[in-house]
Every structure is written in structure tokens, then in C-alpha cells.
Amino acid sequence: QQLRALFYALPPGESSFRTVEEVPDYVEKSIPFFITFIGLEFAVSWIQKRKLPGRINDGISSLSLGILSRLPDVLFRSIELISYIYVWNNYRLFELPWDSPWTWYLTLLGVDFAYYCFHRMSHEVNILWAAHQVHHSSEDYNLFTALRQSVLQKYTSWMFNLPMALFIPPSVFAVHLQFNLLYQFWIHTEVITKLGPLEWILNTPSHHRVHHGRNPYCIDKNYGGTLIIWDRIFGTFEAEDAKVVYGLTHPVNSFDPIMLQLRPLAHIWNTFWATPGFCNKLSVIFKGPGWGPGKPRLGLPEEIPVITGKEVPFNPCVPAYLNCYALVHFAVIVDLYTELLASMTMLSQGTVLLRIGFIILSLASFGLLMENKSKAGILEIIRCLVFVGAYKLGCFRSQFSFLSYTYEV
């Protein structure tokens, strides 16, 4: 059942619930399948091309951003559900039956159309792009990239779903919100080429590769989540053509997950104060990321950097042992993170905050290590001392008791 949820293949009879509390956490339960499919992608890529589909540093960076994006959910209920339930409880116009297949399919269309609208605005409104660009910052394209998410994006996307709260029960919405997200995992790959007639209706790996490209023909195209029909209707569809070069038009050249989250906001802040005129300042926030005084709302297409096909991804020279070190310690953090998710209801708020703070510190330290920054060693020594002290005091705990001594070593 969980495997079918990844492909939006659970029918209404198996995924309809009376209350939100009954809705499973499909995303959390899909983590083992994420790992399995990533391993499968590595195997297929090696068989097809005799090379791996990505790099260690970029993969760890993507997973770090994915973990960061989920940390607020440890402390707070999803703002998307809170806002939706509030509107439903106070302003709904009428109530569609939660167990009707028609309600299920209408919600599929509604959630996907809302996602298209939000996704398009996230590319065309600078302040929204500041959050969303995190997902586009990888210069690789693989299943790791699917997990590269923004901490801030959910705090701007929630409003696009609210019209459905006037008539669609929250339990039905909660299911499709997860399915729409899960579906977008498997399309982040290069090992699948074309899918025949399905390309006309569904968002596929080919369509989404275009969306992640920085070639001029790829910019601001293919916004769909599950369905590609919205792009075909509203004129934002583009078929895959020339070899796609991935990433941002102006690469950020960093693996530090904290910096990747905050640098775009800092750029908007600096540009806002440097731009003369009140209306121009507002335009910095609400027009496209390519806008400038005297330019059209979305900027000038001719200013998009030319793609030569010889672009080299950001890949600092780091000793192999340092990459192995970062990989091993990152595995420890993943263990601590999953153990936190499993036991957070039994922990004190102080312990939860300590664990979250340590996870953030660790992910930042790994990013600096993989960039070979001069101060990374000092930060890493401090991090390891904090870990050993907190582990001895019982503040941290592995899911696997037999690894306790190994972790201390």
C-alpha cells in the first residue's frame, strides 16, 4: 500500500478517512522506499552509464536540506493543515461527503491545480522564489534532489489551498496533500527517459528535468505536480529537447544548508535597500527574480546566461577520507533524526530542542567540511565534544543499542 502511495495509485476506497487524525503519515512511512529507490537508481545508472547519478557532497547537501525542512513539523503541526482546518470550521459553504469517490477525484484535481498556481508564483514572485530556489540549487538531478526542500516554502504555499476548505473535508485534503508531494519524488531521475502516451497527462521525469534546467528554453516551464495538463492549458509547457544543464542560472556554489536557506533572503534585503524609489522597492519583493528598474516583470530573457554544455558543477577538492568522514557522521545524524521522530511524544521539550539544535549544528558543519572551509575543523571538534557529552548524559539515543559504543568512538 505504501509503495502505491508513492505513485498516487491508492484508490479512494483505501485512502478515504472520516477525520484528519485517522490519516496516516504517508510521507514518514515512505522513508524506507526513498532509500530503496535511491539505491536502485544508483544501480541502474551504473549499469546504463558506468557512473553514479550524483556526488557525495551534493547528495549529503540535499538530504541535509530535506531534514531541515521537516524539523519544524517536530515542534508544530503543519501550517497547511492548521489554516485549512480553521477555514473549514469557520467558513465552509457546504460539505462534500468524505467517503465519495467523486470528492476524492475532485480533491486530486484541486490540490494539483493549487500546487501549479503556487509553483508558478514561486518562480514569478521574488520573495516566494527566495524560499523555493533551495529546491533548484543542486547541479545534479537525481532522487536526492527530490528531498532537497525549503524550510520556508510551506509558510507561503498554504494560502493557495484555502479555497478548497470551503467545501472539501480536511481529511480528504490531508491525504492528497501528501500524495501530491510523494508523487514528485520518483520523477527526479535521469534513468527514466520517456513514458509514451502518459507524457500527455502526467508530470514525468522528462518534463521535470526541463523544469530543473537552466538552459534558456527550460526557464519557467513545466510547473505541474502530478499532472502536466495545467502547463499545456496555460502555455507553460516545454518538451525536453537539448541536453539539460541543471541548477540555478547563477549557481550558489555551496553545500552549507543554512546558507542555502538564508542567502536569497539576504540578497533581497540588500537589493531592497539599494534600489531607489518606494515602488521599485516593492517590485524587488513582488516581481520576478530577474526584474530590475526599467525591465519587464519577469526580467529580460537575453540576460539569462548562455549554456555552452561545458559547465562544471561546484565540486571543491576534498580528500577522500574527509568525504568518508562526512558520510559516516551524516549516517549517525540520520539515525538520531529518525529516532527523534519515533520518540518525540515521550521527550521533554528541552530534550527535543537540544536534539534539533544539535542536528542543525551538525548539518552546517558537514556543509563546511565538504567545502573544505578553514574553520570547519574547529566547528567539527566542538560538535563532536557536544555529542559525546550529551550522549553520556542520555540526551541522545540511537535506535540501535549495539551501536552506542561505536558512536562514542
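1. Helix α17 spans residues 376–392 of this predicted model, and its 17 residues reach 24 Å from the first C-alpha to the last, close to the 24 Å expected at 1.5 Å a residue, where the expected span is 1.5 Å times one less than the number of residues. Helices here are DSSP runs (H or I, at least four residues), numbered from the N terminus. Residues are numbered from 1 along each chain as its sequence is written. As the model is predicted, local features need pLDDT of at least 70 and side-chain atom pairs count only at pLDDT 80 or more, while totals for chains, interfaces and linings use all residues, and side-chain values use heavy atoms, with hydrogens and water left out.

2. The buried residues of α17 are Ala 376, Glu 380, Arg 383, Phe 387, Ala 390 and Tyr 391, buried meaning under 20% relative accessible area, exposed over 50% and partly exposed in between (1.4 Å probe, protein chains only). Seen down the helix axis, these buried residues fall within an arc of 100°, so they line one face of α17; the arc is that of the directions from the helix axis to the C-beta atoms. An α-helix has 3.6 residues a turn, so residues three or four places apart point the same way.

3. The buried residues of α17 pack against α15 (320–343), α16 (349–370) and α18 (404–408), with contact taken as heavy atoms within 4.5 Å. On the face turned away from the buried side, α17 carries the exposed residues Ile 378, Ile 381, Leu 385 and Lys 392. Just after α17, Gly 394 takes a positive phi of about 85°.

4. Tyr 337 is found in helix α15 and, at 6% relative accessibility, counts as buried. Leaving aside neighbours within four places in sequence, Tyr 337 is in contact with Ile 67, Arg 70, Leu 71 and Ile 359. Tyr 337 and Ser 398 are 61 residues apart in sequence, with their C-alpha atoms 9.3 Å apart in space.

5. A search of the whole structure finds 27 aromatic pairs, a pair being rings of Phe, Tyr or Trp (its six-membered ring) with centres within 6.5 Å, counted as stacked if the planes are under 30 degrees apart, edge-to-face if over 60 and tilted for the rest. Phe 42 and Phe 144 form an edge-to-face pair, 5.9 Å centre to centre with 80° between the planes. This pair links distant parts of the chain, 102 residues apart, with Phe 42 in helix α3 (residues 31–49) and Phe 144 in helix α8 (residues 143–146). Phe 42 is partly exposed at 23% relative accessibility, whereas Phe 144 is buried at 14%.

6. The rings of Tyr 116 and Phe 234 have centres 5.6 Å apart and planes at 25°, so this pair is stacked. Tyr 116 lies in helix α6 (residues 101–124) and Phe 234 in helix α12 (residues 229–234), so the pair ties together parts that are 118 residues apart in sequence. Tyr 116 is buried, with a relative accessible area of 2%, and Phe 234 is partly exposed, with 41%.

7. The count of disulfides (pairs of cysteine sulfur atoms within 2.5 Å) comes to zero. For Cys 324, the nearest cysteine sulfur is that of Cys 317, 14 Å away. For Cys 395, the nearest cysteine sulfur is that of Cys 384, 17 Å away.

Conventions:
Helices (H or I, at least four residues) and strands (E, at least two) are DSSP runs, numbered from the N terminus.
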